[in-house]
Amino acid sequence: MYRQECYKIFSKKSIYLVFITIVLLLVYVHQLPTDMTMRESVFEELEETWGGPVTEEKVERARESMNAADAGEVSNHTFELRATDYVQFLVTGAAMQKQDQSERLTMLEAEMHDFDEGTYEHREAAIEHDMLQALDDVHGFYLIRSWREMFELIEPTTHVLLLSILIFLGLSPVFADEYTNRTTDLILATKHGKTKLVSAKLLASLSYIVIVFLSLQIINSFLNLLKFGGIAGWDAPIQGISSGLDSLSRLSYDGSPYNFDVWQFFLLTIALQLFASIAVGVIVLLLSFLTKNTMITFFVSSIIIATPALLQQLGTTDGFLGYLTDFSFLKLMQVSTLFTQFQAYNLFDYPVLYPYLLFILFAVVTGLLIMLTYRLFRNQQISH
Amino acid sequence: MLKLIIENISKTFKDKQAVTGFSAELSEGVYALLGPNGAGKTTLMRMLADILKPTSGRILLDGKDISIMGDHYRDSLGYLPQEFGLYRNFTAVRFLSYFARLKGLDKQEATTRVDEVLKLVNLQQDRKRKLKTYSGGMKRRLGIALALLNDPKILIVDEPTAGLDPQERVRFRNLLSEIAGDRIVLLSTHIVSDIEYIAKEVLLMRQGTLIQRSTSEQLLDSVKDKVWKCTVEQHALPQLQKHYKVGNIQRVETGIEVRIVSDQQPLADAVNVTPTLEDVYLYFFNEEVIDGVQAGML
Ligand SMILES: Nc1ncnc2c1ncn2[C@@H]1O[C@H](COP(=O)(O)OP(=O)(O)O)[C@@H](O)[C@H]1O
Ligand SMILES: [Mg+2]
């Protein structure tokens, strides 16, 4: 049963067409020139000198050297010099981040002082304070190559777009096609047609998502390795992925309070993105059952994903709509954006970190939606 | 001894009563559910197939309520809906294997059983063909093969001959009597010729209720002296149709030969003839007469 459900999904030619188009798009985007990929070996030498956490001494040297360059004392713009200048710029940037962090710590301490213990404000300040405190000399220059573009396909919104299209395309027909084909009567009158069939369809859909997701991840990683020439930086703190680094996503983690090494963060985002894709898949399946129509499912799913983006564009992100946007499938799928800054929500007077709250919420919702799908499918009446 | 009891079941859709207080006890054998379009046959059969819940009443298999039996009941069930679709890109083998698994057969059983049923419905040559290339008759046969996969104790087929050409209908009828065996087979139709010879009993259904239940012989017997034949002029026909249930009409040299079902002799020169099930149909389903006759003449 599972095998045939897979066959039904994978025998659709459109998914291959779209998949190939997406891969071509990725290839195209990745061959666009990037100013500083840090592929060159000169950066390894520079890392010897400037790498690791910033120190007073490094910043001092960097500033002097940059001033000298600006004053034209060092002319002769070779690539090496430009690279050096770039690294020094990153070092000074890191120093500023470090400064920001210590200022933020002071501010949080003040806040904790101002609010009584036991208040939400105090707790929220305390949590952020502890997180920042736990970051141990994370700011600095790290030679980070592929990783800065590995956390999403191109950038967070394209990531959502590309994955969603494939999920919608593959899963919209899963239940709807049974109605279009008029096979539901046949199926429901069989022994396992009311329950195990749903399991088989869920499993086949899950397989589809995992395969699509992992294939794209592998292709994306491979393209990034080609572009940046290596996995250097895997053990750097994510704060090393700063706004100064050239990357397609333009995401930077230098202000992030989360204490992850790059490889840990990579695994985390992959896992969460996969979960997000599955959650989206589950809602598509339910819509496929409810609407009994592939096109409508595709359409409604797109609206569900895109609405928060539209709301943001329109600037209506206050109050209830703001919550709807924050706890939307769109945000859920844009995993790499969730960890760039501190954000917590008040849950019964306790602050819960936004990304974790988002995932717990959607884990529960997804579980409920799966149960609902089983229930509705089992209890449906045929009388058309 | 298998026993399926339909206990006073009714089904109401919003404002429409599709089945009303239908009761019957069925044991092994072929039953024909005969009634005009809209009589409630499909609705009744859907309830028997466990895909539609009755508004009231119960259905019992060997004393157990089928809504409680659930999977177990459907395990003994073969159902061929009046209208059904196929996966166009599946081959017959893939299609049947899929349903074999849905019906709870394990892989090994599925393989052998798929072969068996394909042979039974004479589709083994076309087993590897995509279903989109199948003709209407082949689809019906495949449907029967599907219904038989799990060797069901209860076989429910809803208007299986609709849309088949006369030759295919004969073949289908033969197939059905061949597979009847020791199952309960319930076959619905509004085409009387389908059930001659094969049905052990005929259940006449009209406006949601069971109006009569008897063997085909008894049914024929009940209209024995009520079927007449006579030849009339063309212009007398409308008048005749207004007052009597007129069946087959045939143009002959001397005028028009009509078949009339009536308790009294309709015309002086009308003679009694041997009744067929079509006459029975005409007799019982007065209002739906036109529809029934047209279908019967197909
Ligand atoms: N889902 C439904 N909603 C409303 N009325 C229905 C529905 N299904 C069937 N009916 C009505 O119930 C009656 C019996 O229909 P059906 O069981 O299909 O009869 P048959 O199969 O004998 O032609 C018809 O009048 C039909 O219009
Ligand atoms: Mg019907």
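Is E44(A) buried, partly exposed or exposed? At 37% relative accessibility, E44(A) counts as partly exposed. Buried means under 20% relative accessible area, exposed over 50%, and partly exposed in between (1.4 Å probe, protein chains only).

This is a predicted model, in which local features need pLDDT of at least 70 and side-chain atom pairs count only at pLDDT 80 or more, while totals for chains, interfaces and linings use all residues. Residues are numbered from 1 along each chain as its sequence is written, chains are lettered from A and ligands numbered from 1 in the order in which they are written, and side-chain values use heavy atoms, without hydrogens and water.

**Salt bridges within the chains**

The whole structure holds 28 salt bridges over all chains. The rule asks for a side-chain nitrogen of Lys or Arg within 4 Å of a carboxyl oxygen of Asp or Glu.

| Pair | Closest N to O |
|---|---|
| R145(A) and E44(A) | 2.8 Å |

R145(A) sits in the loop between β2 (140–141) and α7 (156–171) of chain A and E44(A) in helix α3 (residues 42–50) of chain A, so their bridge ties together parts 101 residues apart in sequence. Helices (H or I, at least four residues) and strands (E, at least two) are DSSP runs, numbered from the N terminus. R145(A) is buried, at 6% relative accessible area.

K227(A) is buried at 9%, and E149(A) is buried at 3%. In chain B, D50(B) is buried at 14%, and R74(B) is buried at 3%. A network of salt bridges links E5(A), K8(A), E178(A) and K201(A).

**The interface**

27 residues of chain A contact 30 residues of chain B, with contact meaning heavy atoms within 4.5 Å. Between the chains, about 2,800 Å² is buried, and carbon and sulfur atoms give 57% of this. That area is the accessible area (1.4 Å probe) lost on putting the two parts together, summed over both. The rule finds 3 salt bridges across the interface. K194(A) bridges to D50(B), with the closest N and O atoms 3.9 Å apart.

**The magnesium site**

T42(B) (OG1) and Q82(B) (OE1) coordinate the magnesium ion (ligand 2) at 1.9 to 2.2 Å. Donors are N, O and S atoms within 2.8 Å of the metal (3.2 Å for Na, K and Ca); water is not among the atoms, so sites may look incomplete. T42(B) is buried at 18%, whereas Q82(B) is partly exposed at 24%.
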